[in-house]
Amino acid sequence: MKKKQRQSDKSCDYCAGKGYFQLRLGGSETCPCCGGTGKK
Ligand SMILES: [Zn+2]
């Protein structure tokens, strides 16, 4: 099996790899750190 080429396996520390934040007031916001990819 071939490995998928990725720039990094590490998840974004800012959003814990989700790519977005869950807002307390409701809804979500794209993580500015990783741009929504959830990766570093
Ligand atoms: Zn992020």
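Visitor: How many helices and strands does the chain have?
Guide: This is a predicted model, and the chain in it has 0 helices and 2 strands.

Visitor: OK, and what share of the residues is buried?
Guide: Buried residues account for 5% of the 40 residues in the chain.

Visitor: Let's go to Gly 38. Where does Gly 38 lie?
Guide: Gly 38 sits in the segment that comes after strand S2 (28–30).

Visitor: Which residues does Gly 38 touch, leaving out those up to four places away in sequence?
Guide: With those set aside, Gly 38 touches Ser 11, Cys 12, Cys 15, Gly 17, Lys 18 and Gly 19.

Visitor: Take Ser 11, then. How many residues apart in sequence are Gly 38 and Ser 11, and what's the C-alpha to C-alpha spacing?
Guide: Gly 38 and Ser 11 are 27 residues apart in sequence, yet 5.7 Å apart in space, C-alpha to C-alpha.

Visitor: And why does Gly 38 count as partly exposed?
Guide: Because Gly 38 has 17 other C-beta atoms within 10 Å, and being buried takes 20 or more, while exposed means 12 or fewer.

Visitor: Back to the whole chain: of the contacts between residues at least 6 apart in sequence, what share joins residues at least 24 apart?
Guide: That share is 24%.

Visitor: New topic: Ala 16. What's its phi?
Guide: Ala 16 has a positive phi, about 60 degrees, although it isn't a glycine. Most residues other than glycine have a negative phi.

Visitor: Where is Ala 16 found, by the way?
Guide: In the segment before strand S1 (20–22).

Visitor: Is Ala 16 buried or exposed?
Guide: Ala 16 counts as exposed, because it has 11 C-beta neighbours inside 10 Å.

Definitions and conventions:
Residues numbered from 1 in each chain as written. Predicted model: local features only at pLDDT ≥ 70, side-chain atom pairs only at ≥ 80, totals over all residues. Helix = DSSP H or I, 4+ residues; strand = E, 2+ residues; numbered from the N terminus. Contact = placed C-beta atoms within 7 Å.
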